[in-house]
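Please keep the model in view while reading.

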Amino acid sequence: MTEERLAELERRLAAMEDERAIERLIASYGPLVDCGEADAAAQLWSTDGSYDVEGWSMRSRADVAAMVRSDAHQGLIGRGCCHFLGPAVVTVAGDDAVAVCESILVLRRGDGFSVSRAGANHFRLQRIDGRWQIVARTTRALDGQAEARDLLATGVAGR
Amino acid sequence: MTEERLAELERRLAAMEDERAIERLIASYGPLVDCGEADAAAQLWSTDGSYDVEGWSMRSRADVAAMVRSDAHQGLIGRGCCHFLGPAVVTVAGDDAVAVCESILVLRRGDGFSVSRAGANHFRLQRIDGRWQIVARTTRALDGQAEARDLLATGVAGR
Amino acid sequence: MTEERLAELERRLAAMEDERAIERLIASYGPLVDCGEADAAAQLWSTDGSYDVEGWSMRSRADVAAMVRSDAHQGLIGRGCCHFLGPAVVTVAGDDAVAVCESILVLRRGDGFSVSRAGANHFRLQRIDGRWQIVARTTRALDGQAEARDLLATGVAGR
């Protein structure tokens, strides 16, 4: 009886730790890319993880780091940018997980800031070497396109 | 002694699971309405749960689903919208809970996006059939009105 | 064996409770200042905790409460404001913790709202009298300045 209760507690606690590790990983993305920590941002992905965002298809950690170091991204940082991701909805199944959240990209404009994009973000993650890593992230603008809506619908459903 | 420690662990773990289930429910709202999943969005409410938002008073799951399917809401989706809710502050007492968060509504405008509304969101939830469900949500624009401020103050206090 | 498993469960559960208490504290900040709950907002800080935000250097709970009660802040509330903080990344070490998040300040403008600032927020916290309290918060606009980027980089690294 004690054995069963201990095992059940361990199982439920581990499930929460997994979800929280993924939530933390996703919450780290914006701060890391907005301060230009290219390598730390890339470490959120698996070695050959992908990041498919409109007009940009990255296929590895090296690609993600190169995006952060690119003139385009460095230009955003120099101007003032905030990749603002909302709370993620995470679904874990063993060593695989799906997460989804919405996001806005806020850029400095004159004395204030403006929202240049609102997006849907779908993440596939795997536990690799004991650490959750993004194996595929897909981001699409919430501009009425069906693909962005599909990312949200499948993400909340954990698919 | 072991019995007491097990019971205490179970109590604390269950408390965290309750809060997290409610956080997940609230984090799902934006993605679900922005992709038009009317039935899944409605399932966040209890059968006769209410959603009172300026100019719109819903009194059931069916009403919430009808709102998502309405021409007004479908127009927002087609144009591009993001109902962006922040991290919720959740207070649970047995089978009842209160949660509060702020939100912004971001709409596509021309090449970019604009913030058409900032809001205060107060949720009353109940555990019904073993699942947390919204029994009353009230949302008011943060436009200086006292009612929006009351929602925030009572929500953080868990009332 | 049972003793070891119980102790390990208690350790991991307490670690999660600490992180969640800090997340809740940070998620409460926006709602509290946007509704003008000066004393409750000030209670998030330690008695002599600091809040250093561009152009304003607070050095105590009393200073934080005075900021909320100031004409400048009350003017924002009357006009309509939303201090919108994103999900925090929290790192706990014993009775000390570091947390970081990005934020936007949304103000009513005409019929809609505009983003007047995007910011980096770095928090140092301590467990005092059994409750997590902010001992030092530093906020800088994400306008390209190095200081804001440093807050994000050190915050995610838990420093």
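Which residue takes a positive phi in the hairpin of β4(C) and β5(C)? Gly94(C) does, with a value near 65°, and the hairpin has 2 residues between its strands. The model is a predicted one, in which local features need pLDDT of at least 70, side-chain atom pairs count only at pLDDT 80 or more, and totals for chains, interfaces and linings use all residues. Residues are numbered from 1 along each chain as its sequence is written, chains are lettered from A and ligands numbered from 1 in the order in which they are written, and side-chain values use heavy atoms, with hydrogens and water left out.

Helices (H or I, at least four residues) and strands (E, at least two) are DSSP runs, numbered from the N terminus. Two strands are said to pair if DSSP finds at least two bridges between them.

Strand β5(C) has several partners. Strand β3 (residues 81-85) of chain C pairs with β5(C) in the antiparallel sense over 5 bridges, and here Phe84(C) stands opposite Ile104(C). Strand β4 (residues 89-93) of chain C also runs antiparallel to β5(C), joined by 5 bridges, with Val89(C) opposite Val100(C). With strand β6 (residues 112-128) of chain C, the antiparallel pairing of β5(C) extends over 14 bridges; Val98(C) has Arg124(C) as its bridge partner there. The β5(C)–β6(C) hairpin has 2 residues between its strands, and Gly110(C) in the turn has a positive phi of about 65°.

The second topic is the contact with chain B. Here 38 residues of chain C are in contact with 31 residues of chain B, contact meaning heavy atoms within 4.5 Å. The two chains bury about 2800 Å² between them, 66% of it on carbon and sulfur atoms; buried area is the accessible area (1.4 Å probe) that two parts lose on being put together, summed over both. Arg20(C), Phe84(C) and Phe113(C) supply 24% of the area that chain C buries against chain B, more than any other three residues.

Between chain C and chain B there are 5 salt bridges, each a side-chain nitrogen of Lys or Arg within 4 Å of a carboxyl oxygen of Asp or Glu. One salt bridge joins the side chains of Arg20(C) and Glu19(B), at 2.6 Å from N to O. On the side of chain C that touches chain B, α1(C) gives the most, with 19 residues.
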